[in-house]
Amino acid sequence: MNKLMIGRYLPGHSVVHQMDPRGKMVLTFYFICIVFMANNIWSYLVLGLFTLGAVLLTRLKLIYFWRGIQPAIILILFTVLIQVFFTRGGQIYWQWGPFALSSAGVVNAWFIFFRLVIIICMSTLLTLTTSPLDISSALSSLMTPLKWIRVPVDIIALMLSIALRFVPTLMDETVRIMNAQRARGVDFGSGSLLQQIKAIVPILIPLFVSAMHHAEDLDDAMTARGYRTDAPRTTYRIIQWHRRDTLSIIAFAALTVVILFVRA
Amino acid sequence: MAEEPPIISIDHLTVRYAEQEQPALDSISLTIPAHSWTAIIGHNGSGKSTLIKAMDGLVTADGGQMTVAGLAVTEQNIWQIRQRLGVVFQNPENQFVGATVADDVAFGLENAQVPRPEMLTRVDNALAQVGMTDFADREPAHLSGGQKQRVAIAGILALAPAIIALDEATSMLDPQGRASVLQTMRDLKAKENLTILSVTHDLEEAAAADHVIVIDNGRLVASGTPPEIFAEGPALIDMGLSVPFTEQLKSDLAAGGITGLPADYLNEEEMADQLWKLYSTM
């Protein structure tokens, strides 16, 4: 569990950490779209250097990014191998039935490899440098236009922030319930598939019941503190747009121009 | 203080939960003077928490009238009453709404539509009052139970209510955490001139209150000052309650044949004095 980097946040004080989370999210999404525009070695080189620059700006150890890629490595290799053996074009070096090793295949495989690595690095960068809190306030801020089509944005944002706040609580509780059930002789993670599924029931039901208790108590506590779903509220937490955020947009615009220029 | 009307008055309050035959609260009448510390004691399921929830409109009464801070508890008034009556509940984990300490303290202020600049100062003040300033940016997962309970108190203090109800707010804390939360409340009461209602199992806590109310099976069975209530030691034990340490000591001594102690309730200091007196005359 500790090694998994997906969705982990590492606090820091770099420029990237201090960026506006809204800008960061939109730009990350935009970057992933740009990656698909790259189609030759030069465009990939530009994207690669840009990603490397961004990664270095976070001042985090590179090992964290490697750990981000690690879980996806089998997927990457599988995709790369499929590209290598099923793409025909250019010079064909070797052929056997439906499989073929061609120059186009090799080139394509490299491109896919770079594309996946770059995308994973950039999304790991977003989660490593943005606290879940910032992500939820950014999401609620980005969803604001949806108010026009009567989406209850504030309620969704509050739900999201409560959900995030209860993740560690429920995780602790899961461990506690598992240990309590172990002490009573429930065996987790062994036996046939059916037995393993059955062993989950004594965790799931108490966890569900306790989540209901949490919800009831929280409801009382929130009502007692004057929370009404239909009433307007002010907000304590605000996110601010700084000059560095404008600069990052300029950087991404410049990147787009360069990519459009160098792509084939 | 005597001229001032009671801050809470309850007249024949009855609350019945749908799934239960016996009412949770059965025709309870009581008054609570302003600026006092009142302890409500009773065994589990006696209806103590229901009483607090009824005052705050979280459960609806089936009969009777209540007035809290000069307002009748009705559907129209309930949101105003909730601004005047702050409740700190039992489980600190389940009342933590915000993602960080500061967010949680601000939650009630957001609901009250306090403008942000004022919110910032009120959150800072409230955190300073409970000694949690250094923890403002912490997430609840990184706090101890006592610290979370302090945050819950700060969240209530920021709203500046006239009455604070502690609904077994110290029951899940260790003795140290409990003592420090109670001390915080005592200091705040003195400073802000609050009225405090504390629902508790802890009889030492009740012994330090101005008034004690005993509830048993949804009925009010006794009400008075701690010495008056605890003088009825054996009757309390019959109700499934325990007695303060000094009463326990007195009954143990009586069982051992030492009977010269006065029947009145004695606090620890008085008990020590009486024991000295008893010993030196023997």
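These legends describe close-up views of a predicted model. Local features need pLDDT of at least 70, side-chain atom pairs count only at pLDDT 80 or more, and totals for chains, interfaces and linings use all residues. Residues are numbered from 1 along each chain as its sequence is written, chains are lettered from A and ligands numbered from 1 in the order in which they are written, and side-chain values use heavy atoms, with hydrogens and water left out.

**View 1. A nonpolar patch on the surface of chain A.** The patch consists of A:I41, A:W42, A:L45, A:L49, A:L52, A:L56 and A:L62. Together these residues have about 770 Å² of accessible area (Shrake-Rupley method, 1.4 Å probe; for residues, only the protein chains shown count as cover). Patch residues have over 30% relative accessible area and no salt bridge; nonpolar side chains (Val, Leu, Ile, Met, Phe, Trp, Tyr) are joined within 5 Å, like charges within 9 Å. Helix α3 of chain A, residues 41-57, gives the most, with six residues. Helices (H or I, at least four residues) and strands (E, at least two) are DSSP runs numbered from the N terminus. A:I41 lies in this helix, α3 of chain A. A:I41 is exposed, at 58% relative accessible area (buried is under 20%, exposed over 50%, partly exposed in between; 1.4 Å probe, protein chains only).

**View 2. Helices α3(A) and α6(A).** Helix α6 of chain A spans residues 103-129. The two helices pack at about 25°, with their axes 10 Å apart. Axes are lines fitted to C-alpha atoms, for helices over the stretch in contact; angles run from 0 to 180 degrees between N-to-C directions. α3(A) and α6(A) are therefore roughly parallel (under 35 degrees; over 145 is roughly antiparallel, 65 to 115 roughly perpendicular, the rest oblique). Their crossing is left-handed: the near helix is turned anticlockwise from the far one by less than a right angle, whereas clockwise is right-handed.

**View 3. Helices α5(B) and α6(B).** Helix α5 of chain B covers residues 145-157, and helix α6 of chain B covers residues 175-192. They pack at about 20°, with axes 10 Å apart. These helices, too, are roughly parallel to each other. The crossing of α5(B) and α6(B) is right-handed.

**View 4. A salt bridge between B:K53 and A:D220.** The closest N and O atoms are 3.2 Å apart. A salt bridge is a side-chain nitrogen of Lys or Arg within 4 Å of a carboxyl oxygen of Asp or Glu. B:K53 lies in helix α1 of chain B (48-55) and A:D220 in helix α9 of chain A (193-224), so the pair joins two chains. B:K53 is partly exposed, at 21%. A:D220 is buried, at 15%. The count over all chains is 11 salt bridges.

**View 5. B:E168 bridged to B:K48.** The closest N and O atoms are 3.8 Å apart. B:E168 sits in the loop between β7 (163-167) and α6 of chain B, and B:K48 in helix α1 of chain B, so the pair ties together parts 120 residues apart in sequence. B:E168 is buried at 10% relative accessibility, and B:K48 at 3%.

**View 6. The salt bridge of B:E93 and B:K148.** The N to O distance is 2.6 Å. B:E93 lies in the loop between β6 (85-88) and α3 (101-111) of chain B, and B:K148 in helix α5 of chain B, 55 residues apart. Both residues are buried. A:R165, B:E93 and B:K148 are linked in a network of salt bridges.
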